[in-house]
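Q: I have a structure open and would like to go through parts of it. Can we start with a side chain and see where that leads?

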Amino acid sequence: PVGTSFHPRALAVYDVPTGRLLSGDPGGTPVDASVAVMCWNEKRKKLFTGDTSGAVGVWDVSRTEQGLLVPRRLLSGGVHREAVTDLLYLHWNDALVSSSMDTTLALLEPAQAKVIHRFHGHQTGVLALGFCEAYSFLVSGGFDAECLCWMPSLPTSRP
């Protein structure tokens with residue numbers, strides 16, 4: 001399945017091969033702000049969303065009613081002051097990283113979307129995240145034309 005977000009502030013789940021709507025409401029499940037990014041975690045069977053208000057949401061999309069998925073938001077928290085631009089799940093330490101237009105990255109405990117550490121270094125909004133498994137470092141690219149490397153295992157580190 002794939003989740004999509006569209007105006008007016010809703011989340012819907014579709015089957016990729018057939019394009020069939022898997023969630024019950026064609027209008028989607030209402031959300032507080034427009035969802036900007038999504039990240040699926042197979043191990044936890046959870047969908048993580050980042051929205052334009054800076055909130056990160058945790059969704060359970062395993063529940064069904066009459067053969068249709070019923071997305072249920074487990075929690076949503078204001079992690080950033082501005083829009084979330086990317087989400088990345090770090091499997092090696094079971095953590096979620098979010099980036100934002102507020103110039104920061106947040107290392108989150110995924111079950112509660114609780115901030116473990118906030119990374120500062122970009123001068124303008126952060127656009128994208130990547131992770132190098134071979135060396136266990138996180139990479140962020142920002143609108144400041146900087147690519148910064150971080151060590152999430154040492155959350156007090158500077159880029």
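Q: Is Phe131 buried, partly exposed or exposed?
A: Phe131 is partly exposed, at 23% relative accessibility. Keep in mind that this is a predicted model.

Q: And which ring does Phe131 pair with?
A: Phe131 forms an aromatic pair with Trp92. The centres are 6.0 Å apart and the planes are at 15°, and the pair is stacked.

Q: Where do Trp92 and Phe131 lie?
A: Trp92 is in the loop between S10 and S11, and Phe131 is in strand S14 (residues 126–132). The pair therefore ties together parts that are 39 residues apart in sequence.

Q: What about the exposure of Trp92?
A: Trp92 has a relative accessible area of 41%, so Trp92 is partly exposed.

Q: How many aromatic pairs are there?
A: The count is four aromatic pairs. One of them is Tyr135 with Phe137: the ring centres are 6.3 Å apart and the planes are at 25°. Planes under 30 degrees apart count as stacked, so this pair is stacked.

Q: Tyr135, buried or exposed?
A: Tyr135 is exposed, with a relative accessible area of 62%. Phe137 is partly exposed, at 22%.

Q: New topic, the sheet. What is the strand order?
A: The order is S10-S11-S12-S13, in an open sheet of four strands with antiparallel pairing. Strands S10 (84–90) and S13 (114–120) are at the edges with a single partner strand each, so one side of each has no neighbour in the sheet. On average, neighbouring strands of this sheet are turned by 20° against each other, direction ignored.

Q: How many bridges do S11 and S12 pair over?
A: Strand S11 (residues 95–100) and strand S12 (residues 104–109) pair over four bridges, in the antiparallel sense.

Q: Which residue stands opposite Leu96?
A: Leu108 in S12.

Methods. Residues are numbered from 1 along each chain as its sequence is written. This is a predicted model: local features need pLDDT of at least 70, side-chain atom pairs count only at pLDDT 80 or more; totals for chains, interfaces and linings use all residues. Side-chain values use heavy atoms; hydrogens and water are left out. Two strands pair if DSSP finds at least two bridges between them. Helices (H or I, at least four residues) and strands (E, at least two) are DSSP runs, numbered from the N terminus. Axes are lines fitted to C-alpha atoms, for helices over the stretch in contact, and angles run from 0 to 180 degrees between N-to-C directions. Rings of Phe, Tyr and Trp (its six-membered ring) pair if their centres lie within 6.5 Å; planes under 30 degrees apart count as stacked, over 60 as edge-to-face and the rest as tilted. Buried means under 20% relative accessible area, exposed over 50%, partly exposed in between (1.4 Å probe, protein chains only).
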